[in-house]
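Morning, everyone. I have one model to walk through today.

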Amino acid sequence: MRFQPLAFLQDAAPGRAGRWAVFALLAMLAWLGFEQLSSQLWFLPAGLRLALLWLVPTRRWGWLAASEIVGQAVKSLVLGFDLLSLTFLAVGVAPWFIYAAVVYLLRGSRPLASLDSPTRMLLFVLAGLLGAAGVSPLLWMFLVTYEMSVADTLASMFRFMYGDLIGQLVLAPLLVALAHGALLRQWRPGLWRDLGAVVLGALAIFLLLQAYADLAIYVLLLAFAPLFFLGFRHGWEGGALGTTTLGVVIQALVAGGVLTVDVTMLQLVLAVVGGGALVLGAASTALRESHKALALRHAELAAKTEELGALAGELRLVSQRLVRLEEQGQRELANELEYELGHAIHALGTRISLAFREVRDEQGTRFLESLREQVREIQDSLRRALRQLRPPQLDTHGLRQALENGPLREMLDDSGVVFEASFEGPADALGEDARTAVYRICQAAVREAVRLEMVRRFALRLAVSPAEGGGHAVALGLDLEFSPYAQHVPPPQPVPGISDRVLAEHGSYDIEPIVHGHRHEVRFTASA
């Protein structure tokens, strides 16, 4: 089973004391090892302390405290110091609790996620800065034993603080990156190429300073500035690795006597540039992750859009089938009504006509005449109903004739509405489904005009033109013009009958107000 350091460090479940005892022992050995590598430039155990406090939940902080305090005790015993003195408590015990209090205030009881956002990185750097600032007065009080002026006292405190801060910047982000496995994700040739270029550039400037020490105030910053490039291009992991590498190079040069620049100046520049590179790297990582998440979201939305497009196509086919079934049902219903009722009414009229020959009195004649008139009205009503269900002109004479002189015109004439129609293009060249859709849309609009009662003019415009992908582009305009004497004009609202047909044809339906009326615009593409 693969060992995952982050899962182990952030484990807050009860028990597992044996594993944590082994970890505390290893942490103590690491603390002693880093303490031996410390120098005037940095205090590396401060970086180990900050990284562990940041990664481990507060439930396990007792093991961290024990490992560091025991390490401090081992060091004191080796050097011959008294463990029961106030100096040991101030130097060996108090610093850990100061760091722990700062981390707890800034982070909380639970570890935060990776340092992949500027806010988290700023909190991380601020925790180290505040911890170092809180520890430096204690170190000065118990480690400096001779009198100093106020200026020298402050300078000494800043040296202690800078030592801790550089140790944190050099070691803590790298340990966090290793625990999160971030460096493994960044393990590519580009990172090492850029890191090598940064180190070579820094070495060139340091060698220049060895020859001309007076140029330090002019070119020293140039040796550290490439850290911003690493942070920007490779994220906070690249910035952490670059800061550690550059710190090791500086320490090696200072220890070898090659670099004679003031250590305090080196600490100050490395602290400012290193911290800025880490924050910039965190911002770059957050931006890169947001771009990846956005690209993934776009891919998901594209897949959903494709699925919805396919579903819309299927729904369109289903709607067209339902419309065809509806038309077929209306056609069959019209045929059945004509066959059943039409023949019966015609037979009744014939019998009434024959009864005229047998009736001689005037009263009977008037009665039969009244019955015959009622039969004629029934026949006329039935004919109108049948034409509404399925106008014969639509099948025999075409769409244009059915619209110009069919039942719709009769409905408008009976209601006193002026009807105007204009056609452009081969309207009768449309397929059966498209012809039926256009007729039903016009029928729904005519019914709406008759229902409102205030409509005085109904204008129909039908334009049919070839479509780009084949078939015909249908543009239908329907104007309902109200009487200028109408006091209350209804607001523009879609007609359900039109909306249903347009939806079945996968078209567009727009309504706009005109002078004293409404305009319904319908557009769709009819297949060839």
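Predicted model: local features only at pLDDT ≥ 70, side-chain atom pairs only at ≥ 80, totals over all residues.

When I say helix or strand, I mean a DSSP run, numbered from the N terminus: H or I with at least four residues for helices, E with at least two for strands. Residues are numbered from 1 along each chain as its sequence is written, and side-chain values use heavy atoms, with hydrogens and water left out.

Overall layout. The chain has 18 helices and five strands. Its radius of gyration is 46 Å, while the globule rule gives 24 Å for 528 residues, so the chain is more spread out than a compact globule. That radius is taken over C-alpha atoms, and the rule is 2.2 Å times the number of residues to the power 0.38. Along the principal axes, the C-alpha trace spans about 150 × 55 × 50 Å.

How much of the chain is buried? Of the 528 residues, 42% count as buried. Buried means under 20% relative accessible area, exposed means over 50%, and partly exposed is in between, with a 1.4 Å probe and protein chains only. The chain exposes about 28000 Å², and carbon and sulfur atoms supply 62% of that. Those areas come from the Shrake-Rupley method with a 1.4 Å probe; for residues, only the protein chains shown count as cover.

Now contacts, meaning heavy atoms within 4.5 Å. Take those between residues at least 6 apart in sequence: 73% join residues at least 24 apart. One local example is Thr 153, in helix 7, residues 150–180. Thr 153 is buried at 11% relative accessible area. Leaving out residues up to four places away in sequence, Thr 153 touches Trp 140 and Met 148.

On to the strands. I call two strands paired if DSSP finds at least two bridges between them. Strand 2, residues 455–466, pairs with strand 3 in the antiparallel sense over eleven bridges. They form a hairpin with five residues between them, and Gly 470 in the turn has a positive phi of about 100 degrees.

Strand 3 covers residues 472–482, and ten of its eleven residues are buried. Strand 3 also runs antiparallel to strand 5, residues 517–526, with ten bridges joining them. Which residues face Gly 477? Arg 461 stands opposite Gly 477, and in strand 5 the bridge partner of Gly 477 is Glu 521. Further along, His 472 stands opposite Ala 526 in strand 5.

Strand 5 has seven of its ten residues buried, so it is largely enclosed by the rest of the structure. Strand 4 pairs with strand 5, antiparallel, over seven bridges. Here Asp 510 stands opposite Glu 521.

Two histidines deserve a look. Most residues other than glycine have a negative phi. His 506 has a positive phi, near 60 degrees; His 506 sits in the loop between helix 18 (496–504) and strand 4 (508–514). His 516 is partly exposed, at 43% relative accessible area.

Next, salt bridges: a side-chain nitrogen of Lys or Arg within 4 Å of a carboxyl oxygen of Asp or Glu. The count comes to 16. Glu 35 and Lys 75 meet at 2.9 Å, N to O. Glu 35 is in helix 2 (residues 17–37) and Lys 75 in helix 4, 40 residues apart. Glu 35 is buried at 16%, whereas Lys 75 is partly exposed at 26%.

Arg 457 forms a salt bridge with Glu 420, with the closest N and O atoms 2.8 Å apart. Arg 457 lies in strand 2 and Glu 420 in strand 1 (residues 418–424), so the pair ties together parts 37 residues apart in sequence. There is a network too: salt bridges link Arg 461, Asp 479, Glu 512, Arg 519 and Glu 521.

Last, the surface. Val 70, Val 74, Val 78, Leu 79 and Phe 81 make a nonpolar patch of about 470 Å². Patch residues have over 30% relative accessible area and no salt bridge; like charges are joined within 9 Å, nonpolar side chains (Val, Leu, Ile, Met, Phe, Trp, Tyr) within 5 Å. Phe 81 lies in the loop between helix 4 (61–79) and helix 5 (86–107). Phe 81 counts as exposed, at 52% relative accessibility.
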